[in-house]
Amino acid sequence: QVRLVESGGGSVQAGGSLRLSCAVSSYTYSSSCMGWFRQAPGKEREGVAAIYTGPGSTYYSDSVKGRFTISQDNAKNTVYLQMNSLKPEDTAMYYCAAARYLSATACSRISRSGYNYWGQGTQVTVSS
């Protein structure tokens, strides 16, 4: 059983920063692509960032490009999402997800399709 545990969410004022962490429980599990998604009340879950774990290639949605950075620490089996210049519209529940078999092209789409495991989410609230 693979578990993904997110942490690092909280409340921050606009312009502030947060760093989310996603710890993968199983050291024997390897994923080809790790993604961060978010869901605001009444909205669809959307992809914000993904990392193709082998080469470390990163991908971002237009709404967060230049403000968010996804990274990985293989020794700790952890993926991070550094969020800077936060805006009220970034307010959402943030989820990390792991996909075992996604191509680089599929990973770059940051689509919900193809992800095998999901975390429970961590809330991010940005006030104006």
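Reader: Which hand does the disulfide of Cys33 and Cys107 have?
Author: In this predicted model, the sulfur atoms of Cys33 and Cys107 are 2.1 Å apart. The torsion about their S-S bond is about 75°, so the hand of this disulfide is right-handed.

Reader: How many residues apart in sequence are the parts that Cys33 and Cys107 tie together?
Author: A disulfide joins Cys33 to Cys107. Cys33 belongs to strand β4 and Cys107 to helix α1 (residues 104-108), so the pair links parts of the chain whose separation in sequence, in residues, is 74.

Reader: Are Cys22 and Cys96 buried or exposed?
Author: Cys22 and Cys96 form a disulfide, with 1.9 Å between their sulfur atoms. Cys22 lies in strand β3 (residues 18-24) and Cys96 in strand β9, so the bond ties together parts 74 residues apart in sequence. Burial requires a relative accessible area under 20%. Cys22 has 0% and Cys96 has 1%, so Cys22 and Cys96 are buried.

Reader: What pattern do the disulfides follow?
Author: The structure holds two disulfides. One joins Cys22 and Cys96, and another joins Cys33 and Cys107. With bonded cysteines counted along the chain, the pattern is 1-3, 2-4.

Reader: Why is strand β4 described as largely enclosed by the rest of the structure?
Author: Strand β4 covers residues 33-39. A residue counts as buried when its relative accessible area is under 20%. Strand β4 is largely enclosed because, of its seven residues, the number buried is six.

Reader: Which residue of β9 is the bridge partner of Gly35?
Author: Strand β4 runs antiparallel to β5 (residues 46-52), with six bridges between them. It also runs antiparallel to β9 (residues 92-99), with seven bridges. On the β5 side, Arg38 is partnered by Glu46. On the β9 side, the bridge partner of Gly35 is Ala97.

Reader: Which residue in the hairpin of β4 and β5 takes a positive phi?
Author: Strands β4 and β5 are antiparallel. Their hairpin has six residues between the strands, and a positive phi near 80° is taken there by Gly42.

Reader: What kind of pair do the rings of Phe37 and Tyr115 form?
Author: The structure holds three aromatic pairs. In the pair of Phe37 and Tyr115, the ring centres are 5.1 Å apart and the planes meet at 85°. Planes over 60 degrees apart meet the cut-off, so the pair is edge-to-face.

Reader: What kind of pair do the rings of Phe37 and Trp118 form?
Author: Phe37 is buried, and so is Tyr115. The ring centres of Phe37 and Trp118 lie 4.9 Å apart, and with planes at 55° the pair is therefore tilted.

Reader: Is Trp118 buried, partly exposed or exposed?
Author: Phe37, Tyr115 and Trp118 form one aromatic cluster. Trp118 has a relative accessible area of 29%, so Trp118 is partly exposed.

Reader: How far from the centre of the ring of Trp118 is the charged end of Arg45?
Author: The charged end of Arg45 sits over the ring of Tyr95, 3.7 Å from its centre. This charged end also sits over the ring of Trp118, where the distance to the centre is 5.1 Å.

Reader: Is Arg67 buried or exposed?
Author: Arg67 is placed in the loop between β6 (57-60) and β7 (68-73). Leaving aside neighbours within four places in sequence, its contacts include Met83, Ser85 and Asp90. The relative accessible area of Arg67 is 10%, so Arg67 is buried.

Terms used: Residues are numbered from 1 along each chain as its sequence is written. This is a predicted model: local features need pLDDT of at least 70, side-chain atom pairs count only at pLDDT 80 or more; totals for chains, interfaces and linings use all residues. Side-chain values use heavy atoms; hydrogens and water are left out. Helices (H or I, at least four residues) and strands (E, at least two) are DSSP runs, numbered from the N terminus. Buried means under 20% relative accessible area, exposed over 50%, partly exposed in between (1.4 Å probe, protein chains only). Contact means heavy atoms within 4.5 Å. Two strands pair if DSSP finds at least two bridges between them. A disulfide is a pair of cysteine sulfur atoms within 2.5 Å. Rings of Phe, Tyr and Trp (its six-membered ring) pair if their centres lie within 6.5 Å; planes under 30 degrees apart count as stacked, over 60 as edge-to-face and the rest as tilted. A charge sits over a ring if NZ of Lys or CZ of Arg is within 6 Å of the ring centre and within 35 degrees of the ring normal.
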